[in-house]
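Welcome! Here is a short tour to read alongside the sequence and the 3D view.

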Amino acid sequence: MRDTIKGQVIRGSRNIFFVRAEGGAGEGKAEIECRIKGKVLKGVEGFYNPLAPGDWVSLERDPSHPGNGLILALEERRNRFTRRNQQGFDRNRSTLPQILAANVDALFCVCTPASPPWRPRFLDRLLLQADIARIPAWIVCNKWDLFQEDADVEERLEDFRRIGYPVIRVSARTGEGLEELRVAAAGRLSALIGQSGVGKSSLINALLGENRQKVGAVNEKYDRGNHITSMSVLLEDPGRSTAFIDTPGIRRFLPDGISSDEVELYMREFAPLAGKCGFGFSCAHRTEPGCKIMEAVHAGVIHEDRYESFLRIKDELTGKAVNE
Ligand SMILES: Nc1nc2c(ncn2[C@@H]2O[C@H](COP(=O)(O)OP(=O)(O)O)[C@@H](O)[C@H]2O)c(=O)[nH]1
Ligand SMILES: [Mg+2]
Ligand SMILES: [Zn+2]
């Protein structure tokens, strides 16, 4: 290893990270086990984990552990996808957000029409976070082989498409729709995010053409998760042009990085109406006369379910309600 080299974080926990970097004279890229030099990394205070897959860092040889590295600094991030998932979140028990992926080109929000059940409100939250982080998001509706006539699924998928999120219906099992997903992923670093059991790891295996990630059973309790992936991990195709970050299954999701009165600035079909209500920015969008957001709901410009998500998220961010 040269004095100081650069590498990309592939996986890690709170204090041990695997970084892919030039391994030394003519060795090519290698995964180096690293620790943070001096234990604290500048500029990443306030998070549960200082580094996530996708991050670029500089490192040097660890003098006390030959073959290992010491991380010196984090290169500036292009973006980061974070989550808060603690139950009973409130101002006093506020917990540190976790960084799930960094420097990604695309976010694939994976959902299912069934098994686990269709949960569009959860998608609303993932998409909101994608927009907060300014990461282009796709909806990937996996297990399409299990789809049976379901007006709610069709209607909500159509509404997501209408407000500007591309929707891909796919089956990791039958291969249906996989080509469309492959095209969307080509040449990019994409993070797959969604509840446990929706098939994130199965999709990555299907796209990479080999079983790189463990696949779990869908837990009958659905909200428990199978805990096969507890940390994010970056996986690349052999050509190294296309890569994926597999993320841990998420049960609850509270948007990170905005306050309760900013939700209307980030939910994309609400944003053009923010501040336009009769009471301007002080409108709570619940009962106020001249509320442009409620008018848009009545006119069908904002879907009722999205409005319901909007109100719940606002409540949760003020600590009034517990995450669903
Ligand atoms: N029917 C069906 N089952 C699938 C599909 N994709 C994944 N599964 C199954 O769903 C379960 C969970 O998959 P997994 O990839 O571990 O989900 P993850 O938790 O999101 O990574 C496994 O039993 C998979 O075999 C699909 O397209 N159709
Ligand atoms: Mg998985
Ligand atoms: Zn209003």
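The model is a predicted one, and in it Arg134 has a positive phi of about 55° although it is not a glycine. Arg134 counts as exposed because it has 8 C-beta neighbours inside 10 Å, and 12 or fewer is the cut-off for that class.

**Other backbone features**
- Asn103, in the loop between β7 (98–102) and β8, has a positive phi as well, near 55°.
- Asn103 counts as buried because 22 C-beta neighbours lie inside 10 Å.
- Ser115 and Pro116 are joined by a cis peptide bond, with omega about -5°.
- You will find Pro116 in the loop between β8 (106–111) and α1.

**Strand pairing around β5**
- Strand β5 (residues 69–74) pairs with β3 (residues 29–36) in the parallel sense, over three bridges; here Leu70 is the bridge partner of Arg35.
- Strand β4 (residues 56–61) runs antiparallel to β5, and five bridges join them; Gly69 in β5 is the bridge partner of Arg61.

**The largest nonpolar core**
- This core has 77 residues, and those touching the most other members include Val19, Leu107 and Ile139.
- Helix α1 (residues 120–133) gives the most to this core, with eight residues.
- Leaving aside neighbours within four places in sequence, Val19 is in contact with several residues, among them Ile10, Ile32, Val57 and Gly69.

**Around ligand 1**
- Ligand 1 is surrounded by 19 residues, and the closest are Arg173, Gly199, Lys200, Ser201 and Ser202.
- This shell is made up of nine polar, six nonpolar and four charged residues.

Terms used: Residues are numbered from 1 along each chain as its sequence is written. Chains are lettered from A and ligands numbered from 1 in the order in which they are written. This is a predicted model: local features need pLDDT of at least 70, side-chain atom pairs count only at pLDDT 80 or more; totals for chains, interfaces and linings use all residues. A residue is near a molecule or strand if its C-beta atom, placed from the backbone, lies within 6 Å of it. Ala, Val, Leu, Ile, Met, Phe, Trp, Tyr, Cys and Pro count as nonpolar, Asp, Glu, Lys and Arg as charged, and the others, Gly among them, as polar. Two strands pair if DSSP finds at least two bridges between them. Helices (H or I, at least four residues) and strands (E, at least two) are DSSP runs, numbered from the N terminus. A nonpolar core is a set of buried Ala, Val, Leu, Ile, Met, Phe, Trp, Tyr and Cys residues joined through C-beta atoms within 7 Å. A residue is buried if 20 or more other C-beta atoms lie within 10 Å of its own, exposed if 12 or fewer, and partly exposed in between; C-beta atoms are placed from the backbone. Two residues are in contact if their C-beta atoms, placed from the backbone, lie within 7 Å.
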